[in-house]
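This briefing goes through a protein model topic by topic. Please look at the sequence and the structure before reading the points below.

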2 protein chains.
Amino acid sequence: MNFLDIEKKLKTKHKEIRRIFTSQDRKVTKNSTRWKYHEEGGGVSTELLNGKIIEKAAINFSSITGTILPKSALSKKLRVNKSKFHATGISIVVHPDNPHVPCSHLNVRHFYVNPKIWWFGGGYDLTPYFPFQDDITLWHSNARKMCDKHDKSYYKKFKKQCDEYFYLPHRNERRGVGGIFFDNLNNLSKEKHCNFIIDVLDSYINSYIQIITKRYKSRFTKSQKDFQLYRRGRYVEFNLLYDRGTTFGLQSGGRAESILMSLPPIVKWSASKSKQFISFEKNLLKYL
Amino acid sequence: MNFLDIEKKLKTKHKEIRRIFTSQDRKVTKNSTRWKYHEEGGGVSTELLNGKIIEKAAINFSSITGTILPKSALSKKLRVNKSKFHATGISIVVHPDNPHVPCSHLNVRHFYVNPKIWWFGGGYDLTPYFPFQDDITLWHSNARKMCDKHDKSYYKKFKKQCDEYFYLPHRNERRGVGGIFFDNLNNLSKEKHCNFIIDVLDSYINSYIQIITKRYKSRFTKSQKDFQLYRRGRYVEFNLLYDRGTTFGLQSGGRAESILMSLPPIVKWSASKSKQFISFEKNLLKYL
């Protein structure tokens with residue numbers, strides 16, 4: 001299995017996922033942009049906007065070839081600066097309209113430098129604003145089932161890595177309730193790792209569509225919506241201050257509009273909070 | 001002149017500036033928070049909210065003592081990691097309600113490590129969404145007059161540094177129309193540098209109040225307001241991706257709520273733009 005086979009599988013999956021979201025939310029507007037990387041390759045960025053369920057989503061596919069591997073893409077083990085590299089991946093962020101539906105994020109990626117240096121990475125995590133234990137349990141138990149099919153050690157390790165990665169030190173908060181996160185997978189065959197990331201995609205969609213379906217019709221108040229807009233600020237803070245995907249993308253001269261498509265549609269910041277916000281937040285922080 | 005004298009002057013100036021803004025905008029709500037730094041010292045963070053002129057402003061004073069100087073605070077000349085340091089400063093960001101009034105930012109600071117190692121830094125810059133040449137000319141010519149009183153070489157140098165600093169490489173855009181920016185001032189006496197930063201504060205207030213007064217009553221459309229919310233996204237991107245003040249603050253365990261008080265009250269992100277937005281942006285980018 002070579003880079004092009006993996007790229008093709010991800011490209012197909014990207015279309016399939018777009019179809020699933022747009023068939024769930026028939027009111028949503030879809031804007032797709034094809035773009036070219038300044039060296040070789042490019043991607044398709046799809047923004048979904050103003051739907052019944054989805055306020056904004058970014059569903060992006062990319063496959064690029066470059067000659068300098070920015071530091072942020074490298075694990076400490078794999079220092080191969082200034083080599084030619086290929087990178088392909090899918091990234092998804094969904095910001096739902098209803099504050100009872102959590103925001104979700106997925107990313108899968110494959111880096112290839114040479115027959116000895118390549119790896120797979122990815123993961124998914126869930127960011128509720130008004131958390132429901134049922135949803136969180138479903139999210140994690142589906143992740144565990146999926147991981148266990150591949151390797152009994154995966155779930156525990158990848159869940160821990162997810163909690164460590166999606167953490168805002170300046171707030172002393174996790175970004176959300178976690179999920180799985182993995183990087184530098186290269187101990188098995190490419191086929192096996194590729195099958196794993198495809199399963200990651202499928203289990204993400206499966207879990208998230210179940211949660212959406214359960215919650216998107218539930219009533220919410222203006223103040224609950226406002227609380228969602230305010231907590232979305234944390235999402236922005238994480239993505240711009242700490243996310244390696246964002247810094248890798250921007251450092252490697254990636255397309256800013258695509259990389260930053262993960263940012264929420266509307267966000268509020270204020271240091272002054274109402275009593276109700278403080279109580280909403282107190283409840284949320286029990287889960288983070 | 002020692003650290004405490006400078007701290008006292010800035011503290012007084014902080015109060016004076018708050019009074020000026022609140023007397024200009026009598027509808028604004030003022031929330032002040034006193035906080036303590038985890039080692040020694042602390043600050044006063046004042047958030048102004050929902051005024052007639054000011055949608056949100058942060059007017060912050062701080063004076064802290066710490067034992068580790070984070071890398072981001074150091075110029076290359078002054079590597080003194082793990083020493084005790086004192087830092088005091090004022091930072092101001094104003095996000096006006098009317099999109100015809102530009103957003104403004106000021107920061108002045110004094111670092112003291114020992115009698116040989118100390119410096120002053122600061123500056124101010126203006127970020128219009130619908131630029132008026134008159135305002136930009138006033139802003140720069142007041143800055144020049146003020147600088148010229150201190151050193152004929154300052155304005156040209158500090159304006160250039162401002163343009164270089166407030167730049168978003170991933171967008172290939174300047175943040176706004178600039179102003180002045182300086183760091184590591186330590187060639188004259190502390191008195192002289194302190195007088196300079198006090199003049200920086202006064203000329204900022206003088207210029208900005210003039211611009212506010214001229215523009216805050218002008219009519220604007222919903223789509224102009226929306227364009228302001230969308231362009232505020234660039235402000236967030238700069239502050240979280242590139243601003244050294246933000247990274248220094250967060251790295252040194254500063255109070256996140258105070259450091260991030262510079263972020264706008266409401267922000268929108270979308271990769272999809274209307275024709276009108278494209279035309280607003282085309283006009284704005286001529287100035288950036």
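A residue is called buried when its relative accessible area is under 20%, exposed when over 50%, and partly exposed in between (1.4 Å probe, protein chains only). Helices (H or I, at least four residues) and strands (E, at least two) are DSSP runs, numbered from the N terminus. Twelve of the 13 residues of strand β3 (residues 54-66) of chain A are buried, so this strand is largely enclosed by the rest of the structure.

This is a predicted model, in which local features need pLDDT of at least 70 and side-chain atom pairs count only at pLDDT 80 or more, while totals for chains, interfaces and linings use all residues. Residues are numbered from 1 along each chain as its sequence is written, chains are lettered from A and ligands numbered from 1 in the order in which they are written, and side-chain values use heavy atoms, with hydrogens and water left out.

**Strand β3 of chain A and its partners**

- Two strands pair if DSSP finds at least two bridges between them.
- β3(A) pairs with strand β2 (residues 40-49) of chain A in the antiparallel sense, over ten bridges.
- Within that pairing, Thr46(A) has Ile59(A) in β3(A) as its bridge partner.
- β3(A) also pairs with β4(A), again in the antiparallel sense, over twelve bridges.
- Here Ser63(A) stands opposite Thr88(A) in β4(A).
- The hairpin of β2(A) and β3(A) has four residues between the strands.

**Two asparagines with positive phi**

- Asn50(A) sits in the loop between β2 and β3 of chain A.
- Its phi is near 50°, a positive value in a residue other than glycine.
- Asn50(A) is exposed, because its relative accessible area is 52%.
- In chain B, Asn172(B) has a positive phi of about 50° although it is not a glycine.
- Asn172(B) is found in the loop between β7 (167-168) and β8 (173-174) of chain B.
- Asn172(B) has 58% relative accessibility and therefore counts as exposed.

- The buried residues of α6(A) include Thr246(A), Phe248(A), Gly249(A) and Leu250(A).
- Their cover includes β4 (85-96), β5 (103-114), α5 and α7 (256-259) of chain A, together with α5 of chain B.
- After α6(A) comes Gly253(A), whose phi is positive, near 70°.
- Asp243(A) lies in the loop between α5 (222-241) and α6 (244-251) of chain A.
- With 14% relative accessibility, Asp243(A) counts as buried.
- Contact means heavy atoms within 4.5 Å; leaving aside neighbours within four places in sequence, Asp243(A) is in contact with Tyr165(A) and Phe238(A).
- A polar contact is a pair of N or O atoms within 3.5 Å; within protein, one must be able to donate a hydrogen and the other to accept it, and residues adjacent in sequence count only if both atoms are side-chain atoms.
- The side chains of Asp243(A) and Tyr165(A) make such a polar contact, at 2.6 Å.

**A buried glutamate**

- Glu237(A) is part of helix α5 of chain A.
- Glu237(A) is buried, as its relative accessible area is 0%.
- The side chain of Glu237(A) makes a polar contact with the side chain of Trp269(A), at 3.1 Å.
- Not counting residues up to four places away in sequence, Glu237(A) touches residues of both chains, among them His170(A), Arg171(A), Leu240(B) and Leu263(B).

**Where the two chains meet**

- 26 residues of chain B are in contact with 26 residues of chain A.
- Buried area is the accessible area (1.4 Å probe) that two parts lose on being put together, summed over both.
- Between chain B and chain A this area is about 2400 Å², and carbon and sulfur atoms give 62% of it.
- Leu240(B), Glu257(B) and Trp269(B) supply 26% of the area that chain B buries against chain A, more than any other three residues.
- A salt bridge is a side-chain nitrogen of Lys or Arg within 4 Å of a carboxyl oxygen of Asp or Glu, and there are four salt bridges between chain B and chain A.
- The side chains of Glu257(A) and Arg171(B) form a salt bridge (3.4 Å, N to O).
- Strand β10 (residues 266-268) of chain A pairs with β10(B) in the antiparallel sense over three bridges.
- Lys268(A) has Ile266(B) as its bridge partner in β10(B).
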